[in-house]
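Open the model in your viewer and keep the selection tool ready. We will go stop by stop.

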Amino acid sequence: MAPTHSDPRATGRAAGDPPASHADDRATGRPPASHAGDGTADRTAERPPGVANPARVAYSGATGAGASQVAAVLEREGRSNGGPALRVALVEAVDAWLAELLGDAGPGIALVATGAYGRREPAPCSDLDLMLLHTHDAEEIAPLAERLWRPIWDAGVRLDHSVRTVDEAIAVAATDLKTALGLLDARHVAGDAALVTSLRERALERWRATARERLQQLRAACKRRAERHGELAFLLEPDLKEARGGLRDGHAVRAISATWVAAGLDRRGQAAYGLLLDTRQALHLELLEQGGGQVGRARAAVDRLSLQEQDAVAARLGEPGAEPLMRGVHEAGRTLARALDQSWRRVDARHAGPAVRRWRRPVRRQLAGGVVAYDGEVLLAAGADLAARPWLALEVAAEAAGAGMPLAPQTLRRLEARPPHLPEPWPPRAREALVALLGAGASAIGVIEALDQAGVMDALLPEWGRVRCKPQRNPFHRWTVDRHLVETAVHAADLVRGVSRPDLLLLAALLHDLGKGWPGDHSVTGARLAATVGSRFGLPAADRSVLAELVRNHLLLADTATRRDLDDPATVRAVARAVGDPGTLALLHALTEADARATGPAAWTPWKARLVEELVRRVTERIEGRPAPAGEEAPGVAVSPGTAELVGRQGLALQVDGEQVTVVARDRRGLLWRVAGVLALHRLDVRAATATTAEGMAVITLSADPRHGRDPEWRLVTDDLRRAFQDRLPLERRLAEREAAYRQPAPLRPPPRVLFDDRASDLATVVEVRCADGPAILYRITRALDASGARVLSARIATYGAEVVDAFYVLGPDGRRLDGPPQRAALVTEVIGALR
Amino acid sequence: MKLITAIVKPFKVEDVKEALKDVGVVGMTVSEAQGFGRQGGHTEVYRGAEYTVDFVPKVRIEILVEDELAQEVIEALVKAARTGQIGDGKVWAMPVEDVVRVRTGERGPDAL
């Protein structure tokens, strides 16, 4: 019902003015009495004088009493609220008006409403979708159609009209999805009711008969719409109709249920849908009032609830403010998106019949112990014991995100039925999996959202509920707090190569704004929360305090860089005082960038990046000018008494204690890569390693994790180690074969980096390799180091989720530190090449 | 009427805004800018990687004022933006032919 005033004739006319153009139309010449009814006079009398509703102007022109009544409805209901009463009254009034326009057309002619009006859900600015249904010749019907549409145009209403026979309507619907969906909502307004009934029956029958194909089209349309308009649940200025989780998704649920495959909206879904209808209605009324009867924005944007209208819309709906309104809207969006997902799952279950059956069976591929990829989804193996191994919930999620696949519905149902209860502190595997999930990049978003819907996020992080769907009301932010946190982690995943502790960066990204769920300064509250959550995650005390420090200072760099004089030594001093060491500063730098990028397009510009970079550079210089902190020079590792005994035997020995594997062997060049290669061959993922020497023997201590949960035959491992040391094992070839069997398309990860740290050791050059985890990664790096001529004195291997940060203390072939640029360049080339 | 454009250090924006309010300026446009003057670009070594700083981040402020206010505004601006260090920026003024307030259609000094 749209007073858009594209036609100047329709504007500015008062109710009593004579119609300007179609004065002699038969339609307008009709006496208004029959349709205006008794109620009209009463309602008109109720209206206080002098309150002009702009909407009235549109309807009060050429079209007689029917239009006046529509205007009166808008004026009366529009002033008060945006509830369902307005829709009911509006439909009644428009129906009456249209019946008046059609008059007594005789059998074989009917006026049909489709779209929002057909559903009895018109909004004040929505289009009027009408079809003149008939059984006559086209020429015969044309004059009637013209007589019908003209007054509607003249009233300034946006009319979407068609003139069709039942056959024509069905034929158009067969090729056009929008028309087919519209027919599902077809409603008799005036004229031959039996004709409309037959149209409805045939349209529904066709819809069901072609459901498989039509639903595929609908799904594609929903997907395109979601991509273009984003998600209602998270956007701060969402489109109430088009966004994922918006009104159109409600229509899609109904269209699916019309095929009898799935049920329609449940009570919660209905409530969510109703809330969006009310909100849209209030938005339209507000836009009309602000624009003096015109909508001061593009038609396409009329359902976008932007920040500037949120307060007024909240007031119209009787909400105490914009925040509760938006929280309700976000939650409704989430409910509808979920209802649609569930409907699609029912469709899949129902339609997974012969037509979808593949010509070859889907491949079942084991990703990790208890986690399987099957048919494009990742699921928990049937035998996986969630109660005994609650971290599997996170591992399955991490594997799904890492592989860029969704979690299987049956796995989500399992998780929902029994949310994981992790012991406190978390076992390291749980933390590792969470970090791997967060580090997976953009594919983590869908997985985390699915976990949240299944109630897993609440089980893992009870604080999450405080920020879920929480709007952030300022023009910089694009997302609700919960989604902003996830987005920050996604951006942080691109920046992991810039830091030596990717895990702390990713966890800080997830937690940095958690404090917004509580009153007070969110950085201060957040730091406290981060420390608590960090201890629940089982982080050591030192890491917890870095995490808390990152959260407390997450705005420090951005604020200082833009608001303080970088040339003033006091500025640099203050930041250096707040952030004590270069590692934390690098983490904070990455967090600052990820946070800003996840805020919105305006928050991180090259300009700001440059300022922050300059600040970080100056602070780093200042910090690094200080003496290096003590305790860095400790490449050696104390040899435990048990190991000392092995060393004393002066031969190859292997000791296994849980995940800890100790290899003792006569020291020689290339020892480390041979050990790493053999372990990889036996499907052991090395997560941490240290290498040192004692009494001419090399002692390599590794934390190795059987990839599929089954321990290897240690006797065979020892045999292979011996053969590898004697160069009787074709490691390279065997590993290549193994990798080919497991090769999976790696999602886009930042490229590897190789850094040199000259401050860490006086004796050796420290080479830090940062890259994504993968099979035999340690083997590849150490073999490349050997190939470049570098000799590894000792190593610290660390895996943080899916990121590897390995430090090697190396000497050049001449037994000296690796200082020459050509030597270093050769080493970098060799290592980067091996990681490709 | 004059268009006064100032390039200042980013952290000076608040000071400049306050100073201009005091002399009666009611509106301004602020944008992020990058460039170099005599301060120049320079080469830095940061975390082992050498990179060239071609442009220095600055803020650009634009103010439309009536002719008689121009000198006062420039003086206030310069005073507020000065740190005495290199890279404090520049201020310049240009004559303006016409100004229209979009909402009302007012023209000339009325539109300021």
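In what order do the 3 strands of the open sheet in chain A lie? The order is β5-β6-β7 (chain A), and the pairing is antiparallel. This is a predicted model: local features need pLDDT of at least 70, side-chain atom pairs count only at pLDDT 80 or more, and totals for chains, interfaces and linings use all residues. Residues are numbered from 1 along each chain as its sequence is written, while chains are lettered from A and ligands numbered from 1 in the order in which they are written.

**Stop 1: the sheet**

Select 364-368 and 377-380 of chain A. These are β5 and β7, the edge strands, and each pairs on one side only. (Strands are DSSP runs of E, at least two residues, and helices are runs of H or I, at least four, numbered from the N terminus; two strands pair if DSSP finds at least two bridges between them.)

Find Val372(A): its bridge partner in β7(A) is Leu379(A).

**Stop 2: the helix on the sheet**

Select 392-403 of chain A. This is helix α16, which packs on the sheet and touches β5, β6 and β7 of chain A. (Contact means C-beta atoms, placed from the backbone, within 7 Å.)

**Stop 3**

Where do they meet? Residues of α16(A) including Leu394(A) and Ala398(A) meet residues of α18(A), among them Ala430(A) and Leu434(A).

Key
Two residues are in contact if their C-beta atoms, placed from the backbone, lie within 7 Å. Axes are lines fitted to C-alpha atoms, for helices over the stretch in contact, and angles run from 0 to 180 degrees between N-to-C directions.
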